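Me: I have a model open and want to go through part of it. Can you take my questions as they come?

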Amino acid sequence: MAEAHNIDSILIVDCGTVITKLLLLERVGDAYQFVAQAETQTTGKPPWNDLSIGVVQGVQELESITGRTLYARGRIAVPCTGQEGVDAFMVILSAVQPLRVVLAGLVREMSLESGRRAVRGTYATIEATLSREGNLRAPQETWARTIRDLMPDAVLLVGGVDGGARRPVLELAEAVALASSMLEEERRPTVIYAGNTALRSQVTKLLGDITHVVTTDNVRPTTDTEHLGPAQSALEELYTEERLRTAPGIEGLSAWSRLPLLPVATAFSHVVDFLWHREGNADRGVLGVDVGATTTTMAATFQGRSYVSVYEHGVANGLIDWVETHGLDRILRWIPTEMDEESLLAMLYNTELQPSTIPQTTQELWVELAVVREMLRATLSTAGPAWDIGEAAMQATNVMPRTDPILISGGGIVLSPRPGQSLLAILDGLQPVGISTLLLDSSRAVPAIGAVAAIKPLAAASALESGALVSLGTVISPVGQAKLGEIVMRMGITYDGGRALNVEAHYGEIEVWPLLDGQRATLEIHPGRRIDIGMGPGQGGKVEVLGGLVGLVVDARGRPLHLPSNPDRRRRTLNRWIWDVGG
Amino acid sequence: MIIQHCIANPLTTIRTPRRLSHPGTVLTRTGDSVEPSQIVAQAVMLPDFRIVDVAQELDVPLRSANSYFKVERGQAISEGDILASKGRFGSRVCQAPFTGKVAGVGRGRLLLQGEPQIVRLNALVPGYIVEAEPGEGVVIETVGGFIQALWGNGYEAHGVLRMLVREAAHPIRATLINASSQGSILIGGSTLDEGTIEHAKEMRVRGMIVGSVPAGLIPQLREAGFPVIATEGIGTTPMTQAIFDLLRSLDGREASISGDIGNRWHPMRPYIVIPMPTQVGRAIQTDAPLAIGERVRLLRGTYRGRSGTIQKKLAKRVQLETGARLPGAAVDIGEGELVRVPYVNLERLF
């Protein structure tokens, strides 16, 4: 690989579960820009079982677009020589099975909750949770049986604050040892111990001869502190070792690159972190959502601290499991047309059977966007509790903390035919509060930019500034109690160039005023006495906002959002909202 | 451009992998001829186990619990054997819950291990072993008809194909199944209902192939005890005409069917193998570029499940009802009807 300062061209391959994207980033003058992109079907599953087939196909498409040779002598040509090859080649991946983890710990609301959050920081699923809760007759036998039957990749063992409980943690460790000893050596789980640090040596002694043990800092060192980073890093390292490096066809791709494989979620969170530092607003966070076919990733940065959470369901794969747990009504309630449960269930099944297809009829699109809303809600409800948002970002209890901007990525949402459809799905799913700019990763380049940040931060920053993100608009979401139709805020809009407009927003409505992409305006906002737009109840002021593909939006539908329970009324309401945002 | 594909071919060379779920022993060798019911590999499953807390069950101190043991490590035990006891008359005893052995002793507890269970894997399809991976499984080569489906209920079977309907749009009704259906793999056009499944169970049919299955019946189908395969997936979509015609032409022949769909991370397609008494099958080139006149199936929208031929690869993007614009083709779905379909919603039929 060329030295970092000599890198002028980078080819990034983003292997998702359904689509593989290839992006060619090049230095153009002093800036870095994406000069070409291609996408193809991911070929990691049958009938192909080789990721490199899709990658080579995509590279050939890039070659035909750019007229350059990128693939020569059976490999990506690195480094660049003349008109052949690129200076760096990177692969980011989410197209592999998540780690299968069994979580073992003591108290549900304490160590187990922290352990759960640690697992959600990477591509991992919790196959079972082991604890003493539930009055088990023979707990160690039950725990050992669970591990033996599930044969997980890892056991995350947590429990006991530092210097706290000992015996119950060791009992869990004994059960893990028993289960592991019954499995063939290559099927024994890696044990990540992140509990009471005083027990590290005992746990290692108990398990070390049987299986691989990794000890990290306690995820819950005291009852009121949480320390997830080291356990999350250990899980991510294991994911990279056990999954990324063993993905079908990855050995070929890895041989073409000297750069490490990176999980897509990690790459995505780098960009969210970058945006927080760029914006420099300590009183609010930055949020990113990546709605994929198989997983939904939520990355957030508050007060300079980064959080990433991967939810094990997306818009295609895992839908039926999700419905079995959460019910069909949760999806049905967002569909603006009449649809019976049987037809909806059939459509969800078929989407799961053929995840690479896309909605062809309007009804199919409504179903997909309904799924997006629920994936966002579910991911937020699992990710949110881990955020230490600080007082400033908190607007009111039971609502989302203030975040600006909100970055939207992933084929599940950015491919909606109309920008208003994406915007409304985000507003319904996340229900943001205060003032937020919604940035759409329309070319689905953000994970690639995050990967580039790991080797050449300036190139990543430059690519981000050069039009990779498209603004959907600025959304003002007032919070507070009011009657339907009551004026919740008055607003003066002064556009660049001096033209002015005075408008009102009514409770229960979503209203859009023109503010084009790239256009700026100054707003003078006067909320009602009990209404908060992020400046405190009844407090208004002047703010400068950015336009977008939809415009300037006031979402005065209230928080949390309530849908009418009568199906006819609900559908009429949904259709009105769709109409209002041009969806 | 990579487009999904589905094989629905009357005469081709089929390679059927048969893999053990756990490492085991392969019982056949490369070149061996196998029959559907022949065992090709077997594995020993992890035995049952139990921790018997003698100290707790006999209510004796942990320190002295070992002195009550009547068995020792490594000793074979039968169900009901006394493992530990306290007192002579009206005594408390611990009995073996199953036949096996004492695998461990310590801290007042006994670790018991049951007898190993053997899982056997049959060939399912007739043919020749062309690959034998020690400990894992085999690949069997067969020449004949091969049809891939979209959904299956997990079961497998071998039997004689019996076409029960005249049209691809006709469902299998319970009244069509009778005593002569016993041991057969029944073929219907569109779908089936609850009564049909129950009646098929009573008549001991070997399997069923339909266009689609209703979503609400899936839990029942998973417990059916025989394979049910849907070529079009879930719902009421009739069987693709090309597949229906092919199955009709194979009526009365022996077939092997697998309804295994794997899981979300390792998906598999259910399939039907119809062996033919010939040595040569047509090779299928799945990586050749999409050609005019090629057979395709439509996967989404109003025309879901219809098959047709590529009439033109469109230079301009196809505009969908949703407003999306994507690269696609014009497909002739018969009777002069042309529809424009994005490539992502097409499947090539080989």
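Me: What order do the 5 strands of the open sheet in chain A come in?
Reply: This is a predicted model. In it, the order is 8-7-9-10-11, and the strands pair in parallel.

Me: Which are the edge strands?
Reply: Strand 8 (124-130) and strand 11 (213-215) of chain A, each of which pairs on one side only.

Me: And how much are neighbouring strands turned against each other?
Reply: By 25° on average, ignoring direction.

Me: Over how many bridges do strand 7 and strand 8 of chain A pair?
Reply: There are 6 bridges, in the parallel sense, with strand 7 covering residues 99-104 of chain A.

Me: What stands opposite A:Val102?
Reply: A:Ala128, in strand 8 of chain A.

Me: Now the helices. Where does helix 2 of chain A lie?
Reply: Helix 2 (residues 108-120) lies across strand 7, strand 8 and strand 9 (154-157) of chain A, and runs at about 170° to strand 7. Helix 3 (residues 139-150) of chain A also packs on the sheet, touching strands 7, 8 and 9. The direction of helix 3 makes about 155° with that of strand 8 of chain A.

Me: Back to helix 2 of chain A: how many of its 13 residues are buried?
Reply: 10, so to speak of it as mostly covered follows from a cut-off of 20 or more other C-beta atoms within 10 Å. Among the buried ones are A:Met110, A:Leu112, A:Arg116 and A:Val119.

Me: What do the buried residues of helix 2 pack against?
Reply: Strand 7, strand 8 and strand 9 of chain A, along with helix 6 (229-242), strand 15 (305-311) and helix 12 (362-383) of chain A.

Technical notes:
Residues are numbered from 1 along each chain as its sequence is written. Chains are lettered from A and ligands numbered from 1 in the order in which they are written. This is a predicted model: local features need pLDDT of at least 70, side-chain atom pairs count only at pLDDT 80 or more; totals for chains, interfaces and linings use all residues. Two strands pair if DSSP finds at least two bridges between them. Helices (H or I, at least four residues) and strands (E, at least two) are DSSP runs, numbered from the N terminus. Axes are lines fitted to C-alpha atoms, for helices over the stretch in contact, and angles run from 0 to 180 degrees between N-to-C directions. Two residues are in contact if their C-beta atoms, placed from the backbone, lie within 7 Å. A residue is buried if 20 or more other C-beta atoms lie within 10 Å of its own, exposed if 12 or fewer, and partly exposed in between; C-beta atoms are placed from the backbone.
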